Structure formats: C-alpha cells, structure tokens
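Hi,

Here is the structure I promised to pass on.

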Amino acid sequence: MSISDITRDAILQAIAEHDRNPGTVLQDRGFGPARAYMLVHEGREYDSKAIVGVAHGYLAGKDVLTAGDFSGGLETVVKLLHDRGFEVRAVRSPGWLESELVLVCDLVAANGWNMLRAHEPQVIEVSQLLQLLPLHPPQSRGTTFRNPNSVQRKTADIATQHPDYRGKPTRGGKLDKEILRAFLDRPVEMHAQADAIRAGITSGTLITLPAVSDLDDEEAIVEGRVLVLLHLRRERNSKLRAEKLDQVLAARGCLACEVCGFDFERTYGERGARYAEVHHVVPLHVTGPTKTRLDDLVVLCANCHRMIHRGAQWLTPAQLRTLVEQQPTSSA
C-alpha cells in the first residue's frame, strides 16, 4: 500500500464525503478521534489520516484505506497533505521550552510569586510575545498554542512550585522547577534574561532568527536557547569578526587562543591562516541587546569557545584560563 499517488482532487473529494456523512468516514472505517494532527480546510478541521484513507479510494482501481491499513508513520500523512497544498495543524501544543518559561516565570515573580489570570493584561502580552517566538514550526502549534489560558495554567505550575506555597502544587514539569530555581538563586540575572528576550522579540531580531544546528548541550537550560542563538548570531557577525581578527593580528602577530594559546596557523599551516573563533566576553543575558565594541571580543580556539558556552552558567575567558592552568600537565 502506498499513499504517494493520492492527488489533491482526491483529498477534496474525501473532504466533501466527510461533510456529507462524518460517521461513515470515521467510525465505520475504524478511525478514532485524531490525537496528533488535523487537516484544516476552509475553516473546518478534519482527521488527517481518515481523510487520506478515504482519498485513496477515489483513485482509479484503488480501495478506501481503513485505520488498520496504514503502515507508515503519521509524518508521512502530514508530508503528503503539505505537499498537496493543505494546512495541517497539531491537536496539542508542543511542550514548553526554557526561553518561554523564562518569560512566564518573570511574570510570576513580578506578581509576588502568585499565579495570574488569563484576562490580565500582563498575561495577554506574554501570550502575544510567545506566539511570535520562532521556537515551534507552525504545523506543530495546536489551536490553543500559548493563548492566555495556557499562559495562566503555566503561571500556576510555577507559582505552586514555589517553596513558600502551602497548597497542593499543579502538575508542572521538571523544567518549570529548574527555571523557578534559577530565578530564586539568581534573580537579577534571570530578570535581565527575560528583558533581553522581550527586547529581541519587540525589535524583530528574534522573530527572524534562523536555527543553529550545532547547539545541542542539554545542560544549557537556564541560559535560554533563544538567547544562546542570538548570542551566537552576534558572534558570527562577519564584519565584526574580521575587524577583531585584524586588530589582534596587528597587535600580536598571530591569532593564538586567549585561553589556551592554541594557534590554528601554527598547527595547520596555510589552511589555518587567519582563523580563530570570536567570542563576546560578556554574555547577552547580562548586557541585553547592545552595540558591540572590539574590546568586548576575544579570539578563542573551537574547544575553549565550546567550553565557555557549556553548562548552566557560562564562564568568562579569564575563568576558563584559570581552570586550564589548574589542570595537571598531561604525561602523554
């Protein structure tokens, strides 16, 4: 069985059949309520797998597929519908990410660690900001994605996990507790992080932020993935990077790492000439959006750059240099 031959016209005929008799399309062919994705057409929602199954029967010489006939994953159905020009929407909204929780936790902190209601202006504002963040692709967003009611529920998840709360906590997640603990331990830093996220959204910088595939350190929770990506984008500003390399070459004659002394050109010859990674000394969550000067930058090797960014709290180059100097010299 293959669904790849199903046409847009066949899908439209299946939608029309559903509109005439939804029960025949669904229950009579063994399809239960959709749990993951809905096909959206002219303002109405349809079970994506059921519609594809019925559409298969509108192909010449083909039979209608029942729920038990599908051997491929749901992703195959979603891709087919997208390829045929249809909108597909998730039934449930995706899980909350750290940068989203930073905004909500900052809201709860400002409210004396009490939950907020969906109708309150602060909740509506945060809901609008969350919907602008490019963290979740459109097809993964449910119909209630980060609406004021969902923000209200998340403020309750955080507020009822506070150490001073005396009632029964709601069923929040592990990440809720981690972000709450970060706010309790480092309130100034975390509030600054929330302000930086807000500024990035309202300025449009974060809205157009492309994905960065080489950031996969699960320990970097409380930094906020959005801020990490924005920080890396600033570090990858090609003009600024070139100016910093020119400055260091003119002053020192080489681009040795300012932490461990590794020099790409000395190790790799011509292939490594004029290469080093450039890093902002003060992280974005501390400075907020700001104009960068050359003195705010240092040159690093790839290893030291990664070690600075690794973990829940970034190190300064000086702190990492101290850590390197404290290690025993290798005997190899």
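**What I found**

Arg 274 counts as partly exposed because its relative accessibility is 39% (buried means under 20% relative accessible area, exposed over 50%, and partly exposed in between, with a 1.4 Å probe and protein chains only). Before going on, note that this is a predicted model, where local features need pLDDT of at least 70 and side-chain atom pairs count only at pLDDT 80 or more, while totals for chains, interfaces and linings use all residues. Residues are numbered from 1 along each chain as its sequence is written, and side-chain values use heavy atoms, with hydrogens and water left out.

Back to Arg 274: its phi is near 55 degrees, a positive value in a residue other than glycine. You'll find Arg 274 in the loop between H12 and strand E4 (277-280) (helices, H or I with at least four residues, and strands, E with at least two, are DSSP runs numbered from the N terminus). Glu 42 isn't a glycine either, yet has a positive phi of about 50 degrees. That residue sits in the loop between strand E1 (37-41) and strand E2 (44-47), and with 72% relative accessibility Glu 42 counts as exposed. For context, most residues other than glycine have a negative phi.

Now the rings. The count comes to 4 aromatic pairs (rings of Phe, Tyr and Trp, the last by its six-membered ring, pair if their centres lie within 6.5 Å; planes under 30 degrees apart are stacked, over 60 edge-to-face, and the rest tilted). One of them joins Phe 262 and Tyr 268 edge-to-face, at 6.3 Å centre to centre and 65 degrees between the planes. Phe 264 and Tyr 268 are stacked instead, with 6.3 Å between centres and 25 degrees between planes. These two are about one helical turn apart, because they are separated by 4 residues in helix H12 (residues 264-268). Phe 264 is buried at 12% relative accessibility, while Tyr 268 is partly exposed at 49%. Ring pairs link Phe 262, Phe 264, Tyr 268 and Tyr 275 into a cluster.

The charged end of Arg 8 is over Phe 86, 4.3 Å from the ring centre, and Arg 146 lies over the face of Trp 96 at 4.2 Å from the ring centre.

Trp 96 and Arg 146 turn up again in the second largest pocket: along with Ser 150, Arg 153 and Lys 154, they lie nearest its centre, among 14 lining residues (a pocket is an open set of points on a 1 Å grid over the protein atoms alone, where a 1.4 Å probe fits, with protein on both sides within 12 Å along at least five of seven lines; lining residues have an atom within 4 Å of a point). Helix H7 (residues 148-159) gives the largest share of this lining, 4 residues.

Last, which helix is largely enclosed by the rest of the structure? Helix H3 (residues 48-56) is, because 8 of its 9 residues are buried. Among them are Ile 51, Val 52 and His 56.

Cheers

Key: A charge sits over a ring if NZ of Lys or CZ of Arg is within 6 Å of the ring centre and within 35 degrees of the ring normal.
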